[in-house]
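I opened a new page for this protein. These are my notes on what I looked up, in the order I looked.

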Amino acid sequence: MTPTASSPLIPVWVRGIRVEAEGIRSFELWPRVGELAEAEAGAHIDVHLPGGVIRQYSLTNPGESHRYIIGVNRDPKSRGGSRHLHEQIRVGDELAISVPRNHFRLNETASHSVLVAGGIGVTPLYAMARRLTELGRPWTFYYCARSQQRAAFLPELFRLAASATQGGLHPIFDGEPGQAPLDVRGVAQRYRDADLYCCGPTPLIDAFREACSDLPPERVHVEFFGSGPAATATDAAVPARKAFQIVLQQSGKTLDVPPEKSVLDILLANGLPVFSSCREGVCGSCETRVLGGAPEHHDRVLSPGERASGTTMMVCVSRCKGEKLVLDL
């Protein structure tokens, strides 16, 4: 199921909180009623917090429908998401979440999977390692963290690696004396026939993409957990912004989008209930189905195949190649 920007929220309650590493906690979320949708490895959910704050967190427990487990890093620059979860949420509290979305899907039939994590980017890759181990598929995991104390889920990953068919776990603690950063280019060259995945901060993602630039794009998978440099209309690869119209199929409205406004700006100004969080094309929470017209994509979420299909877009940053878009709103 691919949720839309207006998918209903799910009430859950916090049944467990556990310290996973320095500054990192996991939260065990159970449905108030019934069961949850079974999530794939790589999927994430939106967590809705007081004050209209929405944050995205990857799920660590693929294949389960009785609960979701998320890992949350206490970001010192938090704007209210991770700080609120760490400081205010207690066992027994109720939260509202979205159904899972997955723009970071695992190829379960790959000959080998190479997983590269940076910091809290470990969470979706830990889920992938669990799934691959369950399937008996080979995997190799490179886990970059400043120190062992900052490395969440490390004991669990070592246990998985001990039972894996092939491959193994390679922790890299580059904040400790004598430790060098991961040679990302060396990893990409060593595993040229594998599917490669990376989740972490922007510098690691950029190094990974550059190292894998000569590999088939369908075998290179990335997911950001923070925003990267925003594309602007002055970038050589980005066309100058122009005005266009959006036709809202369900509500029967036609709205103008001027060059200086985003589709999301116009939707919210006209009272359309669209979820959004990052407003930078990173989180995927504002994904909206496109029924007509050609989107001009500026997000960092959709795969090349999803972009080519033209059936979905992130309305916070993406625009229109032509004069008009028809949206499923």
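**Entry 1: the whole chain**

How many helices and strands does the secondary structure of the protein come to? I found seven helices and 18 strands. I note here that the model is a predicted one.

Next I looked up the overall dimensions. Along the principal axes, the C-alpha atoms fill a box of roughly 60 × 50 × 35 Å. The radius of gyration is 20 Å, and a compact globule with 329 residues would have one near 20 Å, so the two agree.

I then checked burial and surface. Of the 329 residues, 53% are buried. The accessible surface comes to about 15,000 Å², and carbon and sulfur atoms account for 50% of that.

I also looked up how far apart in sequence the contacts reach. Taking contacts between residues at least 6 apart in sequence, 65% join residues at least 24 apart.

**Entry 2: charges and salt bridges**

How many positive and how many negative side chains does the protein have? I wrote down 35 positive and 36 negative, with the centres of the two sets 3 Å apart. The structure holds 16 salt bridges, and I looked up some of them.

I began with Glu 87 and Arg 74, whose side chains meet in a salt bridge at 2.5 Å, N to O. This pair links distant parts of the chain, 13 residues apart: Glu 87 is in helix α1, residues 82-87, and Arg 74 is in the loop between β5 (68-73) and α1. Glu 87 has 37% relative accessibility, so I put it down as partly exposed. Arg 74, at 26%, also counts as partly exposed.

Then I turned to Arg 131 and Glu 108. Their salt bridge has its closest N and O atoms 2.8 Å apart. These two are 23 residues apart and again link distant parts of the chain, with Arg 131 in helix α2 (residues 122-135) and Glu 108 in the loop between β6 (94-97) and β7 (113-118). Arg 131 is partly exposed because its relative accessibility is 22%. The value for Glu 108 is 32%, so Glu 108 is partly exposed.

Is Asp 299 buried or exposed? Asp 299 has a relative accessible area of 4%, which means that it is buried. Its side chain meets that of Arg 307 in a salt bridge of 3.7 Å, N to O. Arg 307 is partly exposed, with a relative accessible area of 30%.

At 9% relative accessibility, His 86 counts as buried, the cut-off being under 20%. What does His 86 touch, not counting residues up to four places away in sequence? I listed Gly 23, Ile 24, Arg 25, Phe 27, Val 72, Asn 73 and Arg 74. Arg 74 is also the salt-bridge partner of Glu 87.

Leu 160 came next, in helix α3, residues 154-163. Its relative accessibility is 15%, so Leu 160 counts as buried. With neighbours within four places in sequence left aside, Leu 160 is in contact with Tyr 126, Ala 129, Arg 130, Thr 133 and Trp 139. I also took the distance from Leu 160 to Val 263: 44 Å from C-alpha to C-alpha, for residues 103 apart in sequence.

Which residues are buried in helix α5 (residues 202-211)? I noted Thr 202, Leu 204, Ile 205, Phe 208 and Ala 211.

**Entry 3: a backbone angle**

Last, I looked up Phe 153, which is in the loop between β8 (139-145) and α3. What is phi of Phe 153? Phi is near 65°, a positive value in a residue other than glycine. I wrote this down because most residues other than glycine have a negative phi. Phe 153 has a relative accessible area of 3%, so Phe 153 is buried.

Note on methods:
Residues numbered from 1 in each chain as written. Predicted model: local features only at pLDDT ≥ 70, side-chain atom pairs only at ≥ 80, totals over all residues. Heavy atoms only, no water. Helix = DSSP H or I, 4+ residues; strand = E, 2+ residues; numbered from the N terminus. Rg over C-alpha atoms; globule rule 2.2 N^0.38 Å. Buried < 20%, exposed > 50% of the residue type's maximum accessible area, 1.4 Å probe, protein only. Contact = heavy atoms within 4.5 Å. Areas by Shrake-Rupley, 256 points an atom, 1.4 Å probe, with all protein chains shown as cover. Lys, Arg positive; Asp, Glu negative; His and termini not counted. Charge placed at Lys NZ, Arg CZ, Asp CG, Glu CD. Salt bridge = Lys/Arg side-chain N within 4 Å of Asp/Glu carboxyl O.
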